[in-house]
Amino acid sequence: MDARQVAFRAQYQAKIPTIYNGWAHGAWIFGFGIAYAALSLHMAAGVTFPLWLASFIAALVVSNLGEWWIHKHALHRRIEALRALWRRHTVEHHSYFTEARMTVDSHREYRIIFFPPFAIVIFALIHVLFGAIWSLPFGHGAMWAWMAGGMTHYLCYEVLHTCAHLPEYRLLKYLPFVNTMRRNHWVHHHQALMSDYNMNLTLPFADWLLGTSDLDRGLWGTLFNGYRMDRLKPEVAARVGSAPFPPGNT
Ligand SMILES: [Zn+2]
Ligand SMILES: [Zn+2]
């Protein structure tokens with residue numbers, strides 16, 4: 001880490017309220033999210049399986065595209081009305097974690113990884129709205145299947161993004177999707193690449209579709225790439241330079 005990153009991390013940690021507990025923050029997110037998804041699945045029980053599956057997958061795909069769009073166009077671009085989002089992400093999250101240091105030392109630092117506690121309520125309401133629109137042609141039961149899919153995508157985001165910022169436990173390297181996103185997100189956190197590549201935080205479907213993946217691979221290879229660094233696009237490899245992956249904890 002350079003002196004600037006060391007100083008920023010120390011300043012940020014000093015500002016975390018003493019009452020903050022990362023485990024409690026996570027328990028709120030996953031408690032609320034799992035209850036919401038379980039209730040939605042229960043309410044969707046009367047829907048035929050093909051419609052249930054189509055609704056669930058449609059919600060996953062739309063959420064993945066939405067995640068890409070918000071990350072690229074609101075979190076990495078300063079829009080005055082959404083300035084707080086840009087500041088929290090580009091200024092704080094990307095100063096705290098760079099290609100030199102991607103990891104946390106304690107649960108208190110989950111504060112800069114998880115979305116704030118109120119965000120899940122907003123996502124829950126957004127998926128009620130999208131589900132209601134989806135129900136217009138497909139019926140009331142399909143709305144609940146959509147809501148379950150949308151919340152599942154958000155919870156997967158929190159799991160995979162958090163795993164991308166955990167220390168180099170050996171197991172993480174071998175878990176499918178987790179290993180892909182740890183390497184993928186490290187490239188995104190490279191200071192020279194963060195505005196242009198790997199805008200997905202859950203799985204890089206939209207990045208593959210819209211040409212912002214750092215990899216020169218098909219969809220299957222992109223999703224299951226793991227830690228491989230030998231398939232970078234040439235322009236990405238040039239910008240990554242000699243930065244080592246995994247970066248270590250220095
Ligand atoms: Zn991150
Ligand atoms: Zn970012």
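## The main core

The largest nonpolar core here has 26 residues, and Ala145, Trp146 and Ala148 have the most contacts inside it. (A nonpolar core is a set of buried Ala, Val, Leu, Ile, Met, Phe, Trp, Tyr and Cys residues joined through C-beta atoms within 7 Å; buried means 20 or more other C-beta atoms within 10 Å of the residue's own, with C-beta atoms placed from the backbone.) At least two residues each come from helix 2 (22–43), helix 3 (49–75), helix 5 (119–138) and helix 6 (140–164), and helix 6 gives the most, with twelve. Helices are DSSP runs of H or I, at least four residues long, numbered from the N terminus.

This is a predicted model, where local features need pLDDT of at least 70, side-chain atom pairs count only at pLDDT 80 or more, and totals for chains, interfaces and linings use all residues. Residues are numbered from 1 along each chain as its sequence is written, with chains lettered from A and ligands numbered from 1 in the order in which they are written.

## Helix 2 against helix 6

These two helices pack at an angle of about 155°, with axes 8 Å apart; axes are lines fitted to C-alpha atoms over the stretch in contact, and angles run from 0 to 180 degrees between N-to-C directions. Helix 2 and helix 6 are therefore roughly antiparallel, the word for angles over 145 degrees.

Who meets whom? On the helix 2 side, Phe30, Gly33 and Tyr36 are among the residues in contact, and on helix 6 they include Trp144, Met151 and Glu158. Contact means C-beta atoms, placed from the backbone, within 7 Å.

Note on methods
A residue is buried if 20 or more other C-beta atoms lie within 10 Å of its own, exposed if 12 or fewer, and partly exposed in between; C-beta atoms are placed from the backbone. Angles under 35 degrees count as roughly parallel, over 145 as roughly antiparallel, 65 to 115 as roughly perpendicular and the rest as oblique. Two residues are in contact if their C-beta atoms, placed from the backbone, lie within 7 Å.
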